[in-house]
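Colleague: Could you walk me through reading charged side-chain contacts in a model like this? I'd like the general idea, then the case at hand.

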Amino acid sequence: MTSAPNLDPIRSEFIEKVGLMAQGDGLPKTAGRMFGMFIFDNDTVSFGDLAERLQVSRASISSSVRILEDRGVLKRVSKPGERQDYFQLTANPHENMLKRTQNGVRRARDEVLETAASLPECCPEIKARIGDFAGLYAAIDQSLSFALDHLNEPAPGAAAKE
């Protein structure tokens, strides 16, 4: 009989990596750690259990839950006969993240283009630089569209590593 490998060290390392990646993107480390835990475990977890599993305060869990719900990553669920809130990954957390990012990129592009349009004709150099800046956002938007179109395809080499 083959025993299951101990995944605890890999799990812990993954959760911490995702926490650091989130922190690098300006989010609370706890929100990233929480996201990493949900990705790895794919559980439905109570509010209290989140604090216990991640060994952080309930206040930290509360603010991180709000962030992840707002980003379409987590959803709040209930269990019959239970008064506390439970949380689980949404059906499409990665797609939701990309769509949210794309909406922000499009808003930024539109703001930049609005400034370019408001410039008088006497400023072609400024208009060109601002246009180039808008082009950056257009390229990012195009890349995000590509990513969304290919999101559910297996990653290169993923099958070979399994």
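This is a predicted model: local features need pLDDT of at least 70, side-chain atom pairs count only at pLDDT 80 or more; totals for chains, interfaces and linings use all residues.

Colleague: Which residue does E95 form a salt bridge with?

Modeller: Its partner is K99, and the closest N and O atoms are 2.7 Å apart. K99 is partly exposed too, at 39% relative accessible area.

Colleague: Where do E95 and K99 lie?

Modeller: Both sit in helix α5 (residues 93-118), four residues apart, or about one turn of the helix. There is also a network to look at: salt bridges with shared partners join R106, R109, D110 and D141.

Colleague: What about R11 and D41, how many residues apart are they?

Modeller: First the contact: their side chains meet in a salt bridge at 2.6 Å, N to O. The pair links distant parts of the chain, with R11 in helix α1 (residues 8-24) and D41 in helix α2 (residues 29-41), 30 residues apart.

Colleague: Why does R11 count as partly exposed?

Modeller: Buried means under 20% and exposed over 50%, with partly exposed in between. R11 comes out at 21%, so it is partly exposed. D41 has a relative accessible area of 21% and is partly exposed as well.

Colleague: And which residue does D85 pair with?

Modeller: That one is R76, with 2.7 Å between the closest N and O atoms. D85 is partly exposed at 32%, and R76 is partly exposed at 42%.

Colleague: How many salt bridges does the count come to?

Modeller: The count comes to 13 salt bridges.

Key: Residues are numbered from 1 along each chain as its sequence is written. Side-chain values use heavy atoms; hydrogens and water are left out. A salt bridge is a side-chain nitrogen of Lys or Arg within 4 Å of a carboxyl oxygen of Asp or Glu. Helices (H or I, at least four residues) and strands (E, at least two) are DSSP runs, numbered from the N terminus. Buried means under 20% relative accessible area, exposed over 50%, partly exposed in between (1.4 Å probe, protein chains only).
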